[in-house]
Amino acid sequence: MRLDLFLKLSRVCPRRSIAQKLCDAGFVLLNGRPVKPAHTVKAGDVIAVRRPDSETELRVLSVPGARNVSKRDAKDLIEILSEKSLDPVGF
């Protein structure tokens, strides 16, 4: 599954277009490397998402087979490893 679609389905990003913009700007790292939105995500991958106010690191537990995931099932797709608050001025 594409990275941008996975970020949307797991509720990390509210829309796929936002996930694409974050990837294109280099704010999404997959296993420590910046990647494009079309990169394939597998179970066990570590994703780091940086936003102006926070940085979140998460592990992919499973990749959904369907393009629609309920809110209840979305929680089971990822495990949050760390979540840091950033100073918006230093971004």
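This is a predicted model: local features need pLDDT of at least 70, side-chain atom pairs count only at pLDDT 80 or more; totals for chains, interfaces and linings use all residues.
Visitor: Which strands pair with β3, and in what sense?

Guide: Strands (E, at least two residues) and helices (H or I, at least four) are DSSP runs numbered from the N terminus, and two strands pair if DSSP finds at least two bridges between them. Here β1 (residues 28-30) pairs with β3 (residues 46-50) in the antiparallel sense over 3 bridges. Strand β3 also runs antiparallel to β4 (residues 54-60), with 5 bridges joining them.

Visitor: Which residues stand opposite each other across these pairs?

Guide: L30 faces I47 in β3, and R50 faces E55 in β4. A hairpin through 3 residues connects β3 to β4. As a general idea, side chains in a regular strand alternate between the two faces of the sheet.

Visitor: Is R50 buried, partly exposed or exposed?

Guide: Buried means under 20% relative accessible area, exposed over 50%, and partly exposed in between (1.4 Å probe, protein chains only). R50, which lies in strand β3, is partly exposed because its relative accessible area is 33%. Its C-alpha atom is separated by 15 Å from that of P37, 13 residues apart along the chain.

Visitor: How do I read a salt bridge, and how many are there?

Guide: Side chains of opposite charge can pair when their charged atoms come close. The cut-off is a side-chain nitrogen of Lys or Arg within 4 Å of a carboxyl oxygen of Asp or Glu. A search of the whole structure finds 3.

Visitor: Which partners does D4 have?

Guide: D4 meets R2 in a salt bridge at 3.0 Å, N to O. D4 also forms one with R16, where the closest N and O atoms are 3.2 Å apart.

Visitor: Why is D4 called buried?

Guide: D4 counts as buried because its relative accessibility is 0%. R2 is partly exposed at 31%, and R16 is partly exposed at 24%.

Visitor: Where does E79 come in?

Guide: E79 forms a salt bridge with R59, the closest N and O atoms being 3.5 Å apart. This pair also links distant parts of the chain: R59 sits in strand β4 and E79 in strand β5, 20 residues apart. R59 is partly exposed at 31%, as is E79 at 34%.

Visitor: Which residues form the positive surface patch?

Guide: Patches are made of residues with over 30% relative accessible area and no salt bridge, like charges being joined within 9 Å and nonpolar side chains within 5 Å. Lys and Arg count as positive. Here the patch is formed by K8, R11, R67, K71, R72 and K75. K75 lies in the loop between α3 (71-74) and β5 (78-85), and K75 counts as exposed because its relative accessibility is 65%.

Methods:
Residues are numbered from 1 along each chain as its sequence is written. Side-chain values use heavy atoms; hydrogens and water are left out. Accessible areas come from the Shrake-Rupley method with a 1.4 Å probe; for residues, only the protein chains shown count as cover. The place of a charge is taken as NZ of Lys, CZ of Arg, CG of Asp or CD of Glu.
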